[in-house]
Each structure stands twice: as C-alpha cells, then as structure tokens.
Amino acid sequence: MSSPCRNPERWAAATRLLPFALVTVLAVAVNNASAQQDTAPDAQHGPNEVSVTGLFPNGGAPPPQDPIGTRFEGNKLAIAAGKELFGQMNCTGCHFNGGGGMGPALMSGHWRYGGRIDQIYASIAQGRPNGMPSWQDSLEPTMMWDLAAYVKSLSVPAPSSASHTVAPGTSVKP
Amino acid sequence: MMTLPISQSIRRYQVQDLTDSIWRSRWLRLLLTGASLLLYPALATAQMPTVPASAAPSDDGQWTMPAKNYAATRYSALDEINSANVSNLQVAFAFSTGVDHGQEAAPIVADNTMFIVTPYPNIVFALDLTKPGAPIKWSYQPRPDAASQGVACCDVVNRGAVYSDGKLFFNTLDDNTIALDAETGKVLWKTKLGDINTGETITMAPLVVKGKVLVGDSGGELGVRGWLAALDVNTGKILWRAYATGPDKDVLIGPGFRSFYPSDNGTDLGIKTWPTDAWKTGGGTMWGWIAYDPDLNLIYSGTGNPGPWNQEQRPGDNKWTTTLFARNPDTGAAKWALQYNPHDEHDYDGINEQILVDMTVDGNLRKVLLHPDRNGYLYMVDRESGEIVSAKPYGYVNSVLSIDLKTGRPVMNRDKLTKLGTVVHDICPTASGLKDWNPSAFSPVTGLMYIPHENLCMDWKSRPVSYVAGTPFVGAEVVSKAGPGGNRGEFTAWDPVEGKAVWTIKEDLPLWSGTMATAGGLVFYGTMDGWFKAVDAKTGELKWQFRTGSGIIGQPIAYRGPDGHEYVAILSGVGGWAGAIVSGDLDPRDPTGALGMNGVMADLKTKTAPGGTLYVFTLPKS
C-alpha cells in the first residue's frame with residue numbers, strides 16, 4: 001500500500017512498542033485510562049461498524065464504540081503523531097488549526113458526520129461527499145486513528161452565549 | 001505652452017461627447033477646440049482619459065458580460081437614476097437563488113431576460129423581465145460533482161455568465177464550460193476542461209471574443225497549473241490552450257513574442273525560472289478578468305500566484321505566474337508578457353481587472369490599461385508594448401517600496417520578505433491583496449476609476465509543504481489584521497491622469513463587491529454586512545443605501561427594462577474568501593483559518609448571515 005507521506009520514525013516506534021501496546025489493550029479493558037499516555041497505540045484496521053446518523057426506525061441504536069478507538073482517544077502520543085500527519089498530508093490546508101477554511105471547522109464541536117472518534121476515523125478513511133477526500137488508500141489504519149485522535153482533540157467547547165461579538169483584532173500602525 | 005498632441009487628445013474627447021450635427025465642420029471644430037484651450041487652460045492639464053469606442057460601443061441598455069464591455073469599464077450610460085432622485089430608489093423585485101454561498105456573479109441582461117448563475121451547484125436562472133415580478137423563464141441545473149467543493153480554495157463561488165448571440169455561456173466548479181440556448185435553456189454543448197482530482201476548479205466568468213469562449217482555471221492554492229483556453233462558441237471544441245508555466249510551446253510563446261522588459265524575454269522561462277519540474281505544480285491559474293482591444297486584436301489577462309506559498313521551495317522568478325499577457329485571440333499566441341511580481345512571496349495574484357483607456361501622457365496619446373494589482377500598485381500599462389507607463393500605490397503598502405520603471409520589477413521591502421520558520425509581522429497588503437478579484441469601474445464622465453478594495457495586513461510564517469495531488473499546496477500560516485486606521489475596507493476614486501486618489505471612503509469591513517458607475521453621476525457598490533450603496537461619482541457623498549438580506553460580494557449592473565426605465569441589480573449573499581467564515585460556518589477562534597482570514601473577519605458572524613438573493617431596484621412609477 002502506498003503512503004506518500006508516511007512517517008518511518010513513527011512506524012519504527014510503533015513496531016518497537018507493539019508488546020507494550022498489547023499490554024495497553026488489556027489496561028484499557030480494565031478501564032485504566034491514564035496508563036495509555038505512555039504508549040503509542042497501534043491498530044490493524046478501522047472500526048468494525050460506524051453510524052453517521054442518530055435516527056433508527058423501529059428502535060435501533062448506534063453501534064457501540066469500537067474498543068480500538070478508546071485506545072487512541074486522548075492518547076498524547078497518538079495525538080502528537082496525528083498532528084504531525086495532519087500537517088504532512090496537507091489537512092491543515094483545508095482545516096487549518098481547527099478553524100476551517102476550504103473544509104469545515106473541527107474545533108467548533110459541530111460534526112457533520114459524527115464526532116465520535118470512530119466516526120471521525122470513518123470520515124477520514126471513506127471521505128465524505130461534499131469534498132472530504134478518501135484517505136484509506138494512502139494511509140495505514142494506525143495513521144488514520146492517530147489523525148482521528150488529533151481531530152477529536154481539537155474540539156474546544158464553544159462559549160455559552162449563543163451569539164458573541166468577537167473583536168476583529170488589532171490594526172497595523174503605519 | 002500647448003503642444004499639438006494635447007490639443008488632439010482634447011479634441012478627441014470632445015468629439016466623442018458631442019453629436020456629429022454640432023461638429024459638422026472640421027474647421028469649426030479646430031477653431032472651437034483652439035478657443036476652448038485659450039479660454040480654459042486648465043483643461044490642458046485635466047484632460048480626461050477616453051474609452052476606445054471599439055471596446056465600448058454605445059450603450060444598448062443591456063448588460064451582456066460582467067464587465068459591461070471589452071474595455072471593462074462597468075459604466076452604464078443610463079441616467080434616469082441620478083444623484084437627485086436616487087434617494088427614491090425602491091425594490092422592483094427580488095429573487096432567492098436558493099444557495100447559501102458567496103454570490104460573486106454579475107446578473108446578465110439580454111433579450112429582455114436576466115440570467116444569473118449561482119455559486120456551486122451553479123444553477124442558472126433565466127428571469128422574464130417582460131412580465132410582472134420577473135418570473136422564472138427557465139432554469140438549468142448542471143449538477144456538478146459535489147466533491148468539487150472540497151478543492152475550491154475560497155468558497156465555492158462563480159463570477160457570472162456571459163451572453164452572446166442567443167447563447168449563454170458559464171463555467172461549473174467541476175471544470176465544465178456549458179453553452180445554453182438563451183431562449184430555452186437547452187444545453188447546446190458541454191466541454192470538460194479539467195480534473196478536480198488535481199485540485200482544479202473553474203470560478204471565473206468566461207468572455208466571448210471573435211467566436212471563442214475564453215475560460216481559465218482556478219486552484220493556485222492546490223498546485224494547479226494555470227491555463228487560459230479558447231472554445232468554439234458553436235461546438236465547444238478547444239481551439240487553443242495557453243498554459244502559464246512550462247515550455248514556450250505550452251505557453252504559446254513563439255516568434256512574435258516581444259516583451260518590453262529584458263527579464264520577460266528569453267526561451268522557455270516557464271521552465272528555467274523554476275527548480276526542476278516545480279513548474280508542473282506551480283500555479284499561475286487564470287481565474288480573473290479578461291479585456292479585449294479589437295483595434296489591436298489583443299486580449300489581456302493575468303495569471304495567479306505561484307505555488308506553493310512557501311517561496312523557499314521555488315527559487316527563481318517562477319514565470320509566468322502573476323503575469324499580464326497580451327495574446328492574439330485567434331491563436332492564443334502571446335505578443336508580450338509583464339510579470340508583476342517575479343518570485344511572488346505574498347500571494348499577490350495578477351488576475352485583477354484591466355480597464356482599457358486612451359490618454360495623453362507627457363504629451364503623447366497612449367493606449368493603456370489600468371490594473372489595480374494585489375500588490376497595492378495601480379499599473380498603467382501600454383497596451384501595444386507592455387511598458388509600464390506608471391505604477392503608484394492606491395492604498396497603504398509596505399511590502400513593495402516602488403515599481404522600477406526601468407526593469408518593470410517591484411522594489412521589495414526586505415523586512416517584509418517571507419522566511420521559513422519565522423513569523424514576519426505586519427506585511428501590508430495581506431495575501432488577498434490591497435484589492436482582490438472584485439472589479440473596479442471607470443466613468444468617462446468624471447474620468448475617474450472607482451476601486452473597491454481592502455485595507456488589510458498580515459503576519460506570515462512559511463513552513464515546508466509536500467505536494468499531494470488534490471490537496472492544498474500552501475506551506476504558510478497567515479494571520480490577517482486590519483491595516484492602518486483600523487478600517488478594513490476602502491472605496492477609492494482614482495484619477496489616472498494625476499495618478500492619485502481624489503477621495504476615499506473608509507469602510508469597516510473589507511470591500512469584496514465589484515462596483516459600477518453610471519451616467520446618472522452615481523457609483524454603486526455593496527458591503528459585507530449587506531448595505532447596497534450609491535455614492536456621488538464626483539464627491540463620494542453617500543446618496544442612498546439599502547440593507548439587503550446578506551452581505552454583498554457581487555457585481556452591480558444597470559439595464560433598461562422592457563418598460564423603458566432604468567433598473568439596477570445586485571446579488572446579495574455573503575461568502576468568498578473574506579466571507580467564508582459565515583458561508584462556511586468557520587470558527588473564528590482559529591485566526592489562521594481560511595488562509596488567515598478567520599481572525600480579521602471574526603465579527604462578521606455577528607453582522608450578517610448566509611443567503612443568496614437577487615435585488616433589482618428602480619424609481620417609483622410616477
């Protein structure tokens with residue numbers, strides 16, 4: 001599989017840390033979230049099942065969060081790796097530092113296709129019809145999980161007031 | 001002391017303005033001209049530019065191309081609406097476009113029909129002006145690929161259609177040019193010109209010249225290679241395509257090419273002024289305006305910024321980006337080129353409008369074009385030779401110290417050059433320029449050029465970027481801010497003869513709308529918070545304003561309706577690069593968003609909301 005911007009150091013580190021990552025899986029299983037922070041998680045595939053709607057006729061429900069996602073979400077190493085990839089793959093060119101531009105804002109807390117990390121993964125992997133490219137042929141699953149972890153981390157709670165006046169910033173002195 | 005060329009040029013002006021019946025006798029004409037010079041010596045220094053008649057025929061009351069005419073004056077000779085009665089102006093009818101993105105298009109009027117083209121999904125509406133309320137005559141949905149929205153750098157805009165000889169031509173965001181039967185809306189032909197998977201889109205308004213539809217591409221922020229193409233009006237067949245980078249044979253530079261300045265002459269400069277193969281992803285897209293001089297048989301159009309924005313990845317002049325070309329419309333062959341910003345490092349595209357005027361300079365009648373560049377300088381360029389006659393700043397600029405008229409090149413302020421990993425503060429103008437795409441107007445009555453523009457500066461930090469096809473190829477983090485004085489927009493009336501501003505209106509928000517001048521002594525433009533304004537063409541005094549439903553970034557036009565009365569039309573609907581924060585619901589807390597526009601436009605969300613609506617105004621029926 002070709003990956004034009006894949007980070008060899010990241011992969012070397014991931015390979016070296018694989019045994020620890022497995023330990024991490026067990027750690028997550030016992031809900032010891034803080035233990036994640038020292039280990040870069042790894043993954044061979046994306047989420048098993050993702051829903052992008054909240055509407056389920058006849059009493060259905062969203063699929064449960066894929067446990068892989070919980071290993072990446074909030075993990076500092078995954079977020080750092082995702083941030084690096086975010087720049088390397090030119091995601092910044094559309095989404096900038098979360099404020100958006102050609103692509104939607106990622107920090108606003110509003111998600112067109114769902115804000116769960118597995119939903120973010122699915123948007124990155126599959127692309128979305130209004131302009132989000134599909135990355136599943138270019139990036140390995142771990143990379144897309146890293147990206148999803150970083151994107152998830154960008155979401156900052158919006159100010160409580162519905163409408164707020166924002167100053168346009170300072171002006172330049174001649 | 002009077003010299004012959006001056007008196008000739010004044011006579012030329014007066015003859016054009018007065019009817020033949022008065023000027024029956026050549027001798028009488030000479031006598032009166034001489035007398036007027038004696039009586040009014042001030043005229044000798046205040047001679048006004050004229051518009052070449054072949055490029056601006058007498059006004060038929062229609063508005064068939066966004067720039068009004070080939071000279072691109074955006075001047076209407078209608079005068080029913082004037083400074084005395086404009087305060088009575090009222091809405092004749094309004095029409096929702098149904099599209100909530102930036103409405104940059106000019107309405108087009110021909111055959112008692114108004115044609116508007118929306119931003120993506122580029123719906124075309126034909127409105128029947130002969131019926132009350134101008135109902136829909138027909139509409140056409142080209143259904144462009146939705147994915148094209150993801151490779152359009154600065155909102156999914158479209159700058160308008162063009163009417164010619166019973167046909168309507170327009171471009172779609174996903175790289176098609178389409179010809180419709182203007183009477184029925186039936187598709188006559190559709191030609192695919194590019195591929196969104198390379199980041200290529202089309203946003204510009206085409207121009208029809210000598211049986212050819214001229215079209216250029218967008219995508220300078222995605223490493224797209226720029227081009228201008230000519231399509232047969234009857235078949236859509238591509239007759240020629242001139243690239244902005246690469247070998248001379250691709251740029252259509254041949255034996256007849258001779259530029260005025262040495263650095264714009266040479267073989268295969270579109271390759272040699274780049275690192276190996278960088279020209280292939282080097283930008284120079286042609287998303288702006290084209291003017292045409294029928295007498296010289298030359299079209300004039302500029303190319304966009306080089307890619308990536310990080311200049312350290314592309315040492316060299318990067319030809320032919322940010323370059324004005326004069327081309328033969330029959331073959332596309334370049335006659336001359338003038339690179340405004342060699343090795344641009346501030347995103348100063350060269351695609352802004354060219355207004356064609358003839359004027360006396362130092363005693364000689366010159367055929368010139370007026371071009372307010374993104375770099376902040378108003379270029380007066382000789383249409384025959386490509387010589388820069390003059391170039392003066394039309395607002396606050398600190399990145400370019402002057403334009404060297406001996407070399408044609410800007411003298412750059414070294415303190416404002418961009419560097420890898422370093423934040424360079426307070427570069428003026430900002431990346432979108434002292435003025436972006438939104439076109440100026442020229443009134444032959446006042447002799448003034450009306451320039452709607454910005455007053456923004458920026459902080460810039462370059463960073464490395466890799467080319468990944470179909471993704472942004474920028475490599476810079478930019479934060480824009482208001483320029484000196486704090487007003488983010490300006491509306492400047494410019495005297496081309498004196499080479500200076502006559503008056504300037506300060507606007508809080510950047511001006512992203514075009515403008516139009518009329519024989520009624522008025523100039524129209526809109527603001528990003530939705531005010532549509534008419535100001536006195538001589539003084540700039542505000543005569544009338546109307547709050548439309550959304551911010552205005554469109555192009556005003558005027559036409560004579562089937563009832564014989566004058567109407568003024570504008571599309572309202574905020575968006576575009578500066579308005580993307582509203583149309584794209586972007587987050588103002590990231591000032592780098594939207595290529596550095598988010599921060600400086602943070603308050604726009606509190607001042608307007610998205611929504612596309614056509615407004616048409618007229619005087620009350622008496």
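Strand β30 (residues 489-495) of chain B is largely enclosed by the rest of the structure, because 6 of its 7 residues are buried. A residue is termed buried if 20 or more other C-beta atoms lie within 10 Å of its own, exposed if 12 or fewer do, and partly exposed in between, with C-beta atoms placed from the backbone. Strands (E, at least two residues) and helices (H or I, at least four) are DSSP runs, numbered from the N terminus. The structure is a predicted model, in which local features need pLDDT of at least 70 and side-chain atom pairs count only at pLDDT 80 or more, while totals for chains, interfaces and linings use all residues. Residues are numbered from 1 along each chain as its sequence is written, and chains are lettered from A and ligands numbered from 1 in the order in which they are written.

Strand β30(B) is joined to strand β27 (residues 448-454) of chain B by 6 bridges, and the two run antiparallel. Two strands are said to pair if DSSP finds at least two bridges between them. In this pairing B:Met449 stands opposite B:Trp494. Strand β30(B) is also joined to strand β31 (residues 500-507) of chain B, by 7 bridges and again in the antiparallel sense. Here B:Trp494 stands opposite B:Ala501. The hairpin of β30(B) and β31(B) has 4 residues between the strands, and B:Gly499 takes a positive phi near 70 degrees.

A further hairpin is formed by β21(B) and β22(B), with 5 residues between them; in its turn B:Gly386 has a positive phi of about 85 degrees. These strands, at residues 377-382 and 388-393 of chain B, pair in the antiparallel sense over 5 bridges. The bridge partner of B:Met380 is B:Ser390 in β22(B).

An open sheet of 4 strands in chain B has the order β7-β8-β9-β10, with antiparallel pairing. Its edge strands are β7 (162-164) and β10 (187-192), each of which pairs on one side only. The twist averages 20 degrees from one strand to the next; axes are lines fitted to C-alpha atoms, for helices over the stretch in contact, and angles run from 0 to 180 degrees between N-to-C directions. Strand β9 (residues 176-181) pairs with β10(B) over 5 bridges, and B:Ala179 stands opposite B:Trp189.

Another open sheet of chain B consists of 3 antiparallel strands in the order β25-β28-β29. Strands β25 (423-427) and β29 (476-482) have a single partner each, so one side of each is left without a neighbour in the sheet. The twist in this sheet averages 15 degrees from one strand to the next. Strand β28 (residues 456-462) and β29(B) pair over 7 bridges, with B:Asp459 opposite B:Val479.

Chain A has 7 helices and 0 strands. Buried residues make up 43% of its 174 residues. In total, 36 residues of chain A are in contact with 43 residues of chain B, where contact denotes C-beta atoms, placed from the backbone, that lie within 7 Å. The predictor gives the complex an ipTM of 0.90 and a pTM of 0.90. Chain B averages a pLDDT (the predictor's confidence in each residue, from 0 to 100) of 93, and 93% of the residues score at least 70. Over residues 1-45 of chain B, however, the pLDDT is below 50.

Note on methods
Two residues are in contact if their C-beta atoms, placed from the backbone, lie within 7 Å.
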